[in-house]
Amino acid sequence: MKQQCGIRSKRGKRLSLMVSSALLLALATTPLLSAQEGPEGHIGLPIDWSNRHVIFTNGASPEVAVKVARDPRSWVNWAQRTAWMFPREPREPREPRERPVPARARRITVDWAMPLGATGGMPLAESPSKYSFNINSTPDCTKDFVVYTINATPSAAQANIVAFNNLYTGSTSSSCPIANQTPVTTDLKQPTFMWSYAAGTGGSALSPTLSLDGTKIAFIEGGTPVHFDVLTPTAGQGTDATHPVVLASAGPSLVRLNYTNSGVAGCGTGAADSNSSAYVDYGSDAAYISADNGMLYRITGVFKGTPTVEYCITVKAGKALTSPVYDQVTNEVFVSDGLSVYAYTPGAASFTLIRSIVVAGGAPAVATPIILSPIVDSTNGFVYVFSSADSTNTNSIVAQLNTTLTSQATAAIGPAGTNNTTYIFDGDFDNAYFLNGPKTGAGTLYACGTQTGAPTKPSLYALSFQSPNGIMNSTPAMSNNTNINVVGASNPAGICSPLLDFFDGTTDRLFVGTGNFTGTAGANLVTEWNTNTRITSNATKPNNTAINEWGGTSAFSVDNVSTEFQAASIYFGTLVKAASGVSPACPSGQFCAIKLTQSGLQ
């Protein structure tokens, strides 16, 4: 009884904190919610790569709260992380669930795996985008969808961007399109292609970005020169990934902007884009994007007008830059050239450099140690980057910078990378970080680094923070947990996907993908870990394990907190063609889009 009272007390405090934050946020974001409301009176929830690169915690001052509320991502962040407070009623009829099986280290199969073709799949370290049609209703089989970009040359026989609906399906249970069923009788066992396009002339190796109402998708069409595309899709167009509708040139459904050769003075004459997805500032309808020529661009009229290059600046000539991230609190754009982090203020006619700071120096074995964009904690004034080299090329590190870029704290997460495929991608924060912020010392940042004495193999680390200043501790709270990569007695070379942490109101879960994206000889795993309390022992093992995720995984996207069958899931893509398998697993010879449930990975 004492324990139950303690739990209720903690939940009561948590609820009070969140409701207080919600009231402040609601007052500030009313105009944004009106803009996000669709033509049918619904409020949708767009989740894409950018939601994980600008984050918001409880504990903001009123001044900061008003500023962060200018970004609809603050509301999306709040809505997603507090969905457990406002449960959505299940549809009827509701049939009994199957009795759960103890989950410890279970080897299980996918809910579904949809072929994306034999020439390319969801790109390395990039995220599918998930749109939930109405947060005030049950998950919608028809109108909820997930978008995958495909890194394959588009043609009449190969799409480079697709979407699925009827997502909440699986071989053992399903809630689409009729109602909750187990076993599945009249419902579907896999999703349907909502649409499929071969757009432009180049594959898409980066993450898609959704409009607030889900009607448009911005994505990067590869090639030299690269194109910034905005697609207005129509449901029912295209049959599957190998039978798309071809949009070879611009038209009513597709806007293509050759942004590195736009004719704007000083903005380049054509370049590729290896690392930069588009970050959209919804308030100004402007996108920030960079390219391999080392230039940072501002594009206006993204979703509500005609995309147009407004201006640009050279950050580091000839360097492939990361995706930029725009912070509403500081009114600054943060971007990296792989070694340093830069902050720019976007003005009426140009960018102004505020400051830069070196994170990785010397001559690292990995040419660009920082691959993915900075993560900006708008509430607490920190910027995080993950690098396969430090300033002396000794260790892989997580670096915590202040938003003025005048100081940094670093934590070693294994030895420095030794080749150009030893990537260190993003970690993620547990629920305690979002609930309390780093300044209480309660939160944890989980990161995937390299193994002690084995820089080509991945390992899990847990990083903690000092109270009351929120500075990251230089010594990890947990180091070198190799259980993310163990297959039987094997511990093969490979890397991690970007990590994902998600709290459903009861359980805080961390998801980790591992594999070798150059082939099938890696671990090929997704592991799920309970992070209700900080993991401090490197002997801790995952709760659940999914196998045969060939080549490892792309970044993850997460959807709902729901009791509907199959409606609380993670989405990702495999990185190489399946070595073996038949449906519902990924078929042999195919790249696949995958869904696993958050609980049990099944």
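**Figure 1. Disulfides of the predicted model.** The chain holds four disulfides, a disulfide being a pair of cysteine sulfur atoms within 2.5 Å. A disulfide is a covalent bond between the sulfur atoms of two cysteines. When the bonded cysteines of the chain are numbered in sequence order, the pairing reads 1-2, 3-4, 5-6, 7-8. The model is predicted: local features need pLDDT of at least 70 and side-chain atom pairs count only at pLDDT 80 or more, whereas totals for chains, interfaces and linings use all residues. Residues are numbered from 1 along each chain as its sequence is written, and side-chain values use heavy atoms, with hydrogens and water left out.

**Figure 2. The disulfide between Cys141 and Cys176.** The two sulfur atoms of Cys141 and Cys176 lie 2.0 Å apart. The torsion about this S-S bond is about -90°, and the disulfide is therefore left-handed. The pair links distant parts of the chain, 35 residues apart: Cys141 belongs to the loop between strand S5 (129–132) and S6, and Cys176 to the loop between S7 and strand S8 (192–199). Strands here are DSSP runs (E, at least two residues) and helices are DSSP runs (H or I, at least four residues), numbered from the N terminus. Cys141 is buried, with a relative accessible area of 6%, and Cys176 is buried at 0%. Buried means under 20% relative accessible area, exposed over 50%, and partly exposed in between (1.4 Å probe, protein chains only).

Figure 3. Cys267 is joined to Cys312 with an S to S distance of 2.1 Å. The torsion about the S-S bond of Cys267 and Cys312 is -105°, a left-handed link. Because Cys267 lies in the loop between S13 and S14 and Cys312 in strand S17 (residues 308–314), the pair ties together parts that are 45 residues apart in sequence. Cys267 is buried at 1% relative accessibility, and Cys312 is buried at 15%. Ala265 is found in the loop between strand S13 (254–257) and strand S14 (279–281). With a relative accessible area of 73%, Ala265 is exposed. The C-alpha atoms of Ala265 and Tyr311 are 8.5 Å apart in space, although the two residues are 46 residues apart in sequence.

**Figure 4. The disulfide between Cys586 and Cys592.** The sulfur atoms of Cys586 and Cys592 are 2.1 Å apart. A torsion of 90° about the S-S bond makes the link of Cys586 and Cys592 right-handed. Cys586 counts as buried at 6% relative accessibility, and Cys592 counts as buried at 0%.

Figure 5. The structure holds 23 aromatic pairs. Rings of Phe, Tyr and Trp (its six-membered ring) pair if their centres lie within 6.5 Å; planes under 30 degrees apart count as stacked, over 60 as edge-to-face and the rest as tilted. One of the pairs is that of Tyr148 and Phe164, which is edge-to-face, with 5.8 Å centre to centre and 80° between the planes. This pair links distant parts of the chain, with Tyr148 in strand S6 (residues 145–149) and Phe164 in strand S7 (residues 161–165), 16 residues apart. Both Tyr148 and Phe164 are buried. Elsewhere, ring pairs link Tyr288, Tyr311, Tyr326, Tyr342, Tyr344 and Phe351 into a cluster. The charged end of Arg73 sits over the ring of Tyr279, 4.1 Å from the ring centre; the criterion is NZ of Lys or CZ of Arg within 6 Å of the ring centre and within 35 degrees of the ring normal.

**Figure 6. The open sheet of five strands.** The strand order is S2-S22-S23-S24-S25, and the pairing is mixed. Strand S2 (54–55) and strand S25 (408–415) are the edge strands, each pairing on one side only. Two strands pair if DSSP finds at least two bridges between them. Strand S24 (residues 395–402) and S25 run antiparallel and are joined by six bridges. Asn395 has Pro415 in S25 as its bridge partner.

**Figure 7. The open sheet of four strands.** In this sheet the order is S26-S27-S28-S29, with antiparallel pairing. Its edges are strand S26 (428–429) and strand S29 (478–481), each of which pairs on one side only. Seven bridges pair strand S27 (residues 445–451) with strand S28 (residues 454–463) in the antiparallel sense. The bridge partner of Tyr446 in S28 is Ala462.
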